[in-house]
Amino acid sequence: MDDTAIAQLIAAEEKRQRDGIELIPSENYVSRDVLTAMGSVFTNKYSEGYPGRRYYGGQENTDQVETIAIERAKQLFGADHANVQSHSGAPANEAVYFAWLEPGDTVLAMDLSHGGHLTHGNPMTRSAKLYNFVPYKMKNPETGEIDYDELRELALKHKPKLILAGFSAYPRELDYAKFAAIAQEVGDQCLLMADMAHIAGLIAAGVAKNPFDYGFHVITTTTHKTLRGPRGGMILSKGTVSTPLKAPEKTLENIPTLIDRAVFPGMQGGPHEHIIAAKAVAFREALQPEFKTYAQQILKNASVLADELQKRGFKLLTGGTSNHLILADVYSSFGIDGKVVEETLDKIGLTLNKNTVADDPLPPFRPSGIRLGTPALTTRGLKEDDMATIAEWMRQAIDKREDAAALEILRREVRDFARKFPLPSDS
Ligand SMILES: Cc1ncc(COP(=O)(O)O)c(C=O)c1O
């Protein structure tokens, strides 16, 4: 590469990734094939529209790439329709709102400090300015169970047009059947949407429940987390797929068509066909038997890591994990906030993020918690036996956070250990 400034930064980032242990639960490492597709000449191509219905010529290859991506996505999740053009998870969620809601309509979604995502109603977002988000919460953060009685009461009171199940920081499985029963009581035109950005890979592998099996109409997801694809979004739906010239009636049956129209031309211009090619590659990888083994290992690693952390004094929200996500209240465990822990662990090459805990008494930029998970380290090949080592490093670093020399020794230990596990893009 001629651009030495950028080439050096790419090399430095690769070294950072290689020399550390990635604990951020929303990150992963893609394969060489996914990287190759992302860096391909498809980035040169404009292809506004959908396969077979484009606004530019020269689509003989893009149409095939996008069709392959769509068919693989449908197969992975048992969907009737897949829109693979969403640029990322946030716009995928916005596209569903835009497809289904009118300004002022009500959405029930998980409270942010109880695990929901920013796009589920944070007042700073465009969606929250357009629609009326009503939050529901966990009944008891000690167990993690959602307060389904409260959810039902809120639903009957506010008559939402959309009920959203999904999370960024919630370590337990949701009871989709309960969501579906509540939506039924609201009426037959209440859209059930699941934002599965975090656990899409687990669902695709069959190690987590699939909301479609419980009557959900729409699943949104990112493609770069447990699904191990390129940075991007996707919207899966049940219903009739059609291409009418006029906007179809807003019925649940028409959801696939409404979503396609919301993504393009509603919200986006030309799709990123190089990313769509990489999504197709990742979906093929996720359809292989090895991917199921990978997803099972994510869960095993997360469960052991949760136990090992608890043994070392970390108080975990909901008392553990049933997926790949672990939330620890470091403020009540050690009297320091999540920012201090994030920065301390950065110094030794363990990367994770600070996070609010339910109804956090501390502010969001210095919250009480940390969030971590096992998708990325499982991709590197770490197994259950390695989890005690990581938990021990975390505790040691917290105890010795004022001691620069001790942190430097830990940094070297982490680096020597991490280098034994290649990045998947090496081969
Ligand atoms: C549940 C959930 N939805 C949506 C998003 C947004 O995805 P993106 O960052 O790709 O816009 C995230 C990202 O972390 C997420 O966790």
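1. The axes of helix 11 (residues 289-311) and helix 15 (residues 384-399) come within 8 Å and cross at roughly 35 degrees. Axes are lines fitted to C-alpha atoms, for helices over the stretch in contact; angles run from 0 to 180 degrees between N-to-C directions. Helices (H or I, at least four residues) and strands (E, at least two) are DSSP runs, numbered from the N terminus. Helix 11 contributes Lys300, Asn301, Val304, Leu305, Glu308 and Leu309 to the contact, and helix 15 contributes Glu384, Met387, Ala388, Ile390 and Ala391. Contact means C-beta atoms, placed from the backbone, within 7 Å.

2. The model is predicted: local features need pLDDT of at least 70, side-chain atom pairs count only at pLDDT 80 or more, and totals for chains, interfaces and linings use all residues. Residues are numbered from 1 along each chain as its sequence is written.

3. Three strands form an open antiparallel sheet, in the order 11-14-13. Strand 11 (325-329) and strand 13 (353-355) are the edges; each has a single partner strand, so one side of each lacks a neighbour in the sheet. Twist averages 35 degrees from one strand to the next.

4. Strands 11 and 14 (residues 369-373 for the latter) pair over five bridges. Pairing requires at least two DSSP bridges. Leu327 has Arg371 of strand 14 as its bridge partner.

5. Helix 11 also lies across strands 11 and 14, at about 15 degrees to strand 11. Helix 13 (residues 338-348) packs on the sheet, touching strands 13 and 14. Its direction makes about 170 degrees with that of strand 13.

6. Which residues come nearest the ligand? Of 15 around it, they are Ser88, Gly89, Ala90, Ser168 and Ala197. The cut-off is a C-beta atom, placed from the backbone, within 6 Å.

Note on methods. Contact = placed C-beta atoms within 7 Å.
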